[in-house]
Amino acid sequence: ARNRSVGFVGMGGTCGGDTDGYRVLCALLDGASGLTRLSMYNNGIRTGGDASLPDFLAANPGMVHLDLSGNNFNDGDALLIAAALRTNDTLKYLDLDGNDLTTEGLNALECAIRDETSLNALSDSNHSCRIIGVGESFDMWHEDEDVNRGFKIYNLLSKRHAAGNNSRHFEREIPSEFDVRLVPFVLAAIDQYSHCKREIDICSLGGDDSVHVASPLSIMMELTKGWKLPEIIDQSSRSQAL
C-alpha cells in the first residue's frame, strides 16, 4: 500500500476469511497519495463506526473513482461520507450499490449532492461526484460540475414554479438589502441555468417525479410579478423623476 506510484488498484472480491477487507481498505488509503482509482467491491467491508474513509475523502485527495459496492456500509457510514463529500471536489464516481443503506443514509447522501433547503445550500452542495447504486435520482452527472450545479438550481426553480412559490422563497432567501438594480442579472442567470438542462440527459433520471422542468420565461414571469415588483416600480419612478 505504500507504493505511491500506483494509480489504480483493483481488489474486488479478494478479501474474506482471514483477510479483513476494511483493514486492507484503510491500508490502501493510508498510502494513497498517488491512487486515483480504487475498486474494493464485494469484500464484506464493515467499518464498525471507524471514520478513516470519510476522513480520507474530507481531505480532498486525488481519488476520482471509488467502487465500494457489495459491502456492508450502513447509515452511520453514509452520514459520515455525506459530510465528507461537502468538502470534496475531486471524487467523480462513488459506487455504493448493494450496501446496508436505508432511507436515512440515502437522504443524507442526497442532501450532500442536492441540498434543496435553499438556493444557497443547493449552490454549495457537491456537484462533482456521481453516486451510483442509491437510487435513480442520484444517477445524474455531467463532466462539467458547473453544468450539474446549474441543472440542479434550475430544477429547484422549476419545482417551486409548479407550486407557485418562487417569489416567497426569493423574499426569504435573498437578503433584504439586495439591490433591485441587480434583478435583471438574476433573470439572466435563470436563462443561463435553463441551458444546463439541455446538457444533461434527463431520461437518465428515469421515474424521478421531482424532475419538473418549466420554461425559463414562465419562471421569469412569475418572479417579475411577485418578487421585488414594488421596489422596481419605485426605483423606476425615482429615475424618471430625475
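The structure is a predicted model, in which local features need pLDDT of at least 70, side-chain atom pairs count only at pLDDT 80 or more, and totals for chains, interfaces and linings use all residues. Residues are numbered from 1 along each chain as its sequence is written, and side-chain values use heavy atoms, with hydrogens and water left out. The protein contains ten helices and five strands; helices (H or I, at least four residues) and strands (E, at least two) are DSSP runs, numbered from the N terminus.

**Overall fold**

- Of the 242 residues of the protein, 45% count as buried, where buried means under 20% relative accessible area, exposed over 50% and partly exposed in between (1.4 Å probe, protein chains only).
- Among contacts (heavy atoms within 4.5 Å) between residues at least 6 apart in sequence, 81% join residues at least 24 apart.

**Packing of α8 and α9**

- Helix α8 (residues 183–199) packs with helix α9 (residues 216–226) at an angle of about 160°, and their axes are 9 Å apart.
- This angle makes α8 roughly antiparallel to α9; angles under 35 degrees count as roughly parallel, over 145 as roughly antiparallel, 65 to 115 as roughly perpendicular and the rest as oblique.
- Axes are lines fitted to C-alpha atoms, for helices over the stretch in contact, and angles run from 0 to 180 degrees between N-to-C directions.
- On the α8 side, L187, I190, D191 and S194 take part in the contact, meeting P216, I219, M220, L223 and T224 of α9.
- By class, the contact of α8 with α9 comprises six nonpolar, two polar and one charged residues; Ala, Val, Leu, Ile, Met, Phe, Trp, Tyr, Cys and Pro count as nonpolar, Asp, Glu, Lys and Arg as charged, and the others, Gly among them, as polar.

**Aromatic pair**

- A search of the whole structure finds one aromatic pair, formed by F170 and W227 in an edge-to-face arrangement, 5.0 Å centre to centre and with 70° between the planes.
- Rings of Phe, Tyr and Trp (its six-membered ring) pair if their centres lie within 6.5 Å; planes under 30 degrees apart count as stacked, over 60 as edge-to-face and the rest as tilted.
- The pair links distant parts of the chain, with F170 in helix α7 (residues 166–173) and W227 in the loop between α9 and α10 (229–241), 57 residues apart.
- F170 is buried at 4% relative accessibility, and W227 is buried with a relative accessible area of 1%.

**D146**

- D146 lies in helix α6 (residues 145–163) and counts as exposed, at 54% relative accessibility.
- The C-alpha atoms of D146 and Y193 are separated by 9.6 Å, with the two residues 47 residues apart along the chain.
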